[in-house]
Amino acid sequence: MTPTPADNAEPATATSGQAIATVQLDDDRVRVTEWHFPPGTRTGWHLHELDYVVVPTIAGTMTYETAEGGSTRELVVGASYARPAGGEHNVINTTDAAFAFVEVELK
């Protein structure tokens, strides 16, 4: 997931801080990024160009917005999930507690 500047107006539920992305590995097969979301942070709208797996490392409630609307997801430590390339969304922490995950993009 490579965050890009938002071309769209900010949605009413978005917060102003930027989530912290730390690339841990980037080679010809995978890109591994740790994403940390303190309260009030977001990724910004972005498009996933690669299939990816998310591995939660700090439990919490993730809010995400898509063109179809918003939703929440409970992140459970170690409960991984996968998504195909092509998804566009904004991940937001609208709670008072931090959450984090490791994202593994498959090249």
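**Strands, then the pocket**

Modeller: V23 stands opposite T33 in strand 3, and six bridges join strand 2 to strand 3 (residues 30-37), the two running antiparallel. This is a predicted model, in which local features need pLDDT of at least 70, side-chain atom pairs count only at pLDDT 80 or more, and totals for chains, interfaces and linings use all residues. Residues are numbered from 1 along each chain as its sequence is written, and side-chain values use heavy atoms, with hydrogens and water left out.

Biologist: What counts as a strand, and what as a pair?

Modeller: A strand is a DSSP run of E with at least two residues, numbered from the N terminus, and two strands pair if DSSP finds at least two bridges between them.

Biologist: Which strands does strand 7 join?

Modeller: Seven bridges join strand 7 to the antiparallel strand 8 (residues 69-75), where E74 is the bridge partner of T61, and these two strands form a hairpin with two residues between them. Three bridges join strand 7 to strand 10, also running antiparallel, and there E65 stands opposite N90.

Biologist: How is a pocket found, and which residues lie nearest the centre of the largest pocket?

Modeller: On a 1 Å grid over the protein atoms alone, a pocket is an open set of points where a 1.4 Å probe fits, with protein on both sides within 12 Å along at least five of seven lines, and lining residues have an atom within 4 Å of a point. The largest pocket is lined by 17 residues, of which Y52, Y64, Y81, R83 and H89 lie nearest its centre.

Conventions
Helix = DSSP H or I, 4+ residues; strand = E, 2+ residues; numbered from the N terminus.
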